[in-house]
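Have the sequence and the structure at hand while you read.

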Amino acid sequence: MGDNLVAAAPDDVIQKIEVFQEYVEKVVGVADYRNYFNAGVLLMNLDELRKFDFQEKFLYSLEKIKFAVAQDQDYLNRLCKGRVKIISNVWDKMPISNDTDTNDLKLIHYNLAFKPWHFEDILYKEYFWKYAKKTEFFDEIIKIRDNYTEEDRFNDKEGDKKLRKLAQKESDCVGDDRKNRRT
């Protein structure tokens with residue numbers, strides 16, 4: 001990791017959805033959305049974070065800046081930008097894309113509404129169910145799936161729409177200096 005503060009994979013949601021790309025560049029302040037990382041799987045360089053005085057800067061940021069789209073992840077991306085080791089997304093693969101290449105898949109991150117215990121048509125669901133069957137929680141997971149209603153599924157999909165609208169509104173409320181940034 002060198003002197004980087006964190007190592008993490010690019011966020012697949014951000015990589016695929018334009019409204020979030022604009023949001024992370026304009027609102028969060030990450031110069032290039034391809035460098036916006038997902039904090040679900042995160043390696044932290046604790047020595048460098050202490051030297052950087054991360055805790056004080058994080059608490060200060062919480063008082064002064066209000067991120068509403070991806071809260072903790074947005075703060076981490078803003079504070080750590082320029083000191084992030086981007087790793088392969090095989091270590092934090094999200095089932096949002098149509099990328100069905102599983103040759104080097106290491107870890108699947110069923111984030112947002114992409115949960116095979118809620119929806120039938122989730123990419124990589126076979127891996128979830130394969131390992132869920134091996135746990136003592138399998139019966140409980142089946143109950144969760146069976147009790148997840150159509151109203152719950154509707155609300156998940158509506159939540160996704162609301163998150164996209166919020167990202168658009170946040171982006172619309174700030175200036176756009178991206179064309180003036182050094183690349």
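In α2 the buried residues are V19, F20, Q21, Y23, V24, E25, K26, V27 and V28. Buried here means under 20% relative accessible area, while exposed means over 50% and partly exposed in between, with a 1.4 Å probe and protein chains only. Helices (H or I, at least four residues) and strands (E, at least two) are DSSP runs, numbered from the N terminus. Nine of the 11 residues of α2 are buried, so this helix is largely enclosed by the rest of the structure. Its cover includes α1, α5 and α8 (150–172).

A word on the source: this is a predicted model, in which local features need pLDDT of at least 70 and side-chain atom pairs count only at pLDDT 80 or more, whereas totals for chains, interfaces and linings use all residues. Residues are numbered from 1 along each chain as its sequence is written, and side-chain values use heavy atoms, with hydrogens and water left out.

Which residues touch the most other members of the largest nonpolar core? They are F20, Y23 and V28, in a core of 17 residues. Two elements, α1 (12–16) and α2 (18–28), each give two or more residues to this core, and the largest share, six residues, comes from α2. A nonpolar core is a set of buried Ala, Val, Leu, Ile, Met, Phe, Trp, Tyr and Cys residues joined through side-chain atoms within 4.5 Å.

V28 is worth a click in your viewer. Neighbours within four places in sequence aside, V28 is in contact with Y23, Y36, F67, D74, N77 and R78. Contact means heavy atoms within 4.5 Å. Just after α2, G29 takes a positive phi of about 95°.

## The whole chain

Eight helices and three strands make up the protein, and along the sequence they follow the pattern β-α-α-β-α-α-α-β-α-α-α. The C-alpha atoms fill a box of roughly 50 × 35 × 30 Å along the principal axes. Of the 183 residues, 38% count as buried. Among contacts between residues at least 6 apart in sequence, 67% join residues at least 24 apart.

## The sheet

The three strands form an open sheet in the order β2-β1-β3, with mixed pairing. β2 (37–44) and β3 stand at the edges with a single partner strand each, so one side of each is left without a neighbour in the sheet. On average, neighbouring strands of this sheet are turned by 35° against each other, direction ignored. Strand β1 (residues 6–10) pairs with β2 in the antiparallel sense over four bridges; two strands pair if DSSP finds at least two bridges between them. One of these links joins A8 to its bridge partner L42 in β2. Helix α5 (residues 71–80) packs on the sheet and touches β1, β2 and β3, its direction making about 60° with that of β2.

## Two packed helices

α6 and helix α7 (residues 138–147) pack at an angle of about 135°, with their axes 9 Å apart. Axes are lines fitted to C-alpha atoms, for helices over the stretch in contact, and angles run from 0 to 180 degrees between N-to-C directions. The two helices α6 and α7 are therefore oblique to each other. Angles under 35 degrees count as roughly parallel, over 145 as roughly antiparallel, 65 to 115 as roughly perpendicular and the rest as oblique. F128, W129 and A132 of α6 meet F138, I141, I142 and R145 of α7.

## The loop between β3 and α6

F119 is found in the loop between β3 (84–86) and α6 (125–132). Leaving aside neighbours within four places in sequence, F119 is in contact with A113, R153, D156 and K157. The C-alpha atoms of F119 and R145 are separated by 8.1 Å, and the two residues are 26 residues apart along the chain.

L112 and Y124 lie in this loop too. L112 has a positive phi of about 50° although it is not a glycine, and Y124 has a positive phi near 70°. Most residues other than glycine have a negative phi. Where do these loop residues stand for burial?

| Residue | Relative accessibility | Class |
|---|---|---|
| F119 | 7% | buried |
| L112 | 42% | partly exposed |
| Y124 | 2% | buried |
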